[in-house]
Amino acid sequence: AGPLCLEAGRETLLIQLAAARVSKDNCSFAVPPETPYYWDPDCAVGQVGCWADGVHAQCRYCSYEGVPCPEDAWTPSKVTCEFEHEPEGPYYIEPQCPEVDGGLGCKADGKRDVCRWCGGEGDYRSIEC
């Protein structure tokens, strides 16, 4: 066997070891994401937000693409938007709000200046998400 075969075998072994260390019923991120997430036993590959950690289909992003967060969702230690009801329109955290673009789209949740509307076809279409 040449060096390429040995290297390929080594990569396979590393992947198998990493998979063996992954716990069940918990998301496994190498680096915690900035997007909230939770464990959704009904989530499947292909559904919005599922496979968030790249390891488990049941690990699901929320407060993302219309997926609401349950109360027990993990949220980043950073500021997040807090809507009473998940909105249909896209939004994101803009640390420069309300100073950017004259404050256009800022305070989308009605509570935090940094929560900003973006995209769509209305007033916020010029704001890139």
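Reply: Buried here means under 20% relative accessible area, exposed over 50%, and partly exposed in between, with a 1.4 Å probe and protein chains only. By that rule 31% of the 129 residues of the protein count as buried. The model is predicted, with local features needing pLDDT of at least 70 and side-chain atom pairs counting only at pLDDT 80 or more, while totals for chains, interfaces and linings use all residues. Residues are numbered from 1 along each chain as its sequence is written, and side-chain values use heavy atoms, with hydrogens and water left out.

The protein has one helix and four strands, in the order α-β-β-β-β from the N terminus; helices (H or I, at least four residues) and strands (E, at least two) are DSSP runs, numbered from the N terminus.

Aspartate 109 is buried but has no salt bridge, and arginine 112, the nearest side chain of opposite charge, is 4.1 Å away. A salt bridge requires a side-chain nitrogen of Lys or Arg within 4 Å of a carboxyl oxygen of Asp or Glu; Lys and Arg count as positive and Asp and Glu as negative, with His and the chain ends not counted. The side chain of aspartate 109 does reach the backbone nitrogen of glutamate 82 at 2.8 Å, and that of lysine 111 at 2.8 Å. With neighbours within four places in sequence set aside, aspartate 109 is in contact (heavy atoms within 4.5 Å) with Thr80, Cys81, Glu82, Phe83 and Cys115.

Elsewhere, the structure holds seven aromatic pairs. Rings of Phe, Tyr and Trp (its six-membered ring) pair if their centres lie within 6.5 Å, with planes under 30 degrees apart counted as stacked, over 60 as edge-to-face and the rest as tilted. Phenylalanine 29 and tyrosine 61 form a tilted pair, because their ring centres are 6.2 Å apart and their planes at 35°. This pair links distant parts of the chain, 32 residues apart: phenylalanine 29 is in the loop between α1 (3–21) and β1 (37–39), and tyrosine 61 in strand β2 (residues 59–61). Phenylalanine 29 is partly exposed, at a relative accessible area of 22%. Tyrosine 91 and tryptophan 117 form an edge-to-face pair, 6.4 Å centre to centre with 90° between the planes. That pair joins strand β3 to strand β4 across 26 residues, and both of its residues are buried.

Note on methods:
A polar contact is a pair of N or O atoms within 3.5 Å; within protein, one must be able to donate a hydrogen and the other to accept it, and residues adjacent in sequence count only if both atoms are side-chain atoms.
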